[in-house]
Amino acid sequence: MPNGTLPDDLDRAILAVLQEDARLTNRAIAARVGSSEPTVRRRIERLIASGAIKIVAVASPFALGYGVMAILGLQIDRAYQRQIEDALNAMPEVRFVGLTLGSYDVLLEVWMQDNAALLAFLSDRLSAIPGIHRVESWQVLKLSKYSYDWGVQPSAGA
């Protein structure tokens, strides 16, 4: 992002190409976005350094044996918020923790291998955390969309 500003059109184009295939060379990315390799290299380095992007492999939970996904709504005692947050963040099966406004104070996304693991998590692990008053869970029966992209992929127009 030039000079710490918001991403411009070139940054967004580079990001879209990276989201489709982060293993492309800078030269290949430059060809797709109509820029030079040195410019693309500098832009990617700047996006990484600013924390705007991270280049990582994205695993498929289903392919790794996690067949059960659930969304959990927690009502908590706000006096325990930091401790609850720390405990949830430390749990590897918890993939998302969001502090919210509304009926629930915290929303979680958890992935489990099976229903028995989900039951054990709810009854043994969460119940051991002080300050959680109520947990409501919704098991996701079908995952229709789970997106990591932040823009239109170049292949979407094809």
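Let's start with what glutamate 93 touches: beyond its neighbours within four places in sequence, glutamate 93 is in contact (heavy atoms within 4.5 Å) with Glu109, Val110, Trp111, Met112, Phe121 and Arg125. Please keep in mind that this is a predicted model, where local features need pLDDT of at least 70, side-chain atom pairs count only at pLDDT 80 or more, and totals for chains, interfaces and linings use all residues. Residues are numbered from 1 along each chain as its sequence is written, and side-chain values use heavy atoms, with hydrogens and water left out.

So, is glutamate 93 buried or exposed? Glutamate 93 is buried because its relative accessible area is 17%, and buried means under 20%, using a 1.4 Å probe and protein chains only. Its side chain also makes a polar contact of 2.6 Å with that of arginine 125; such a contact is a pair of N or O atoms within 3.5 Å, where one must be able to donate a hydrogen and the other to accept it, and residues adjacent in sequence count only if both atoms are side-chain atoms.

Now look at valine 110, one of those partners of glutamate 93. Leaving out residues up to four places away in sequence, valine 110 touches Val68, Met69, Ala70, Leu72, Glu93, Val94, Leu118 and Phe121.

Valine 110 brings us to the largest nonpolar core, which has 18 residues. A nonpolar core is a set of buried Ala, Val, Leu, Ile, Met, Phe, Trp, Tyr and Cys residues joined through side-chain atoms within 4.5 Å. Among the residues with the most contacts inside this core are Leu72, Val110 and Phe121.

Conventions
Buried < 20%, exposed > 50% of the residue type's maximum accessible area, 1.4 Å probe, protein only.
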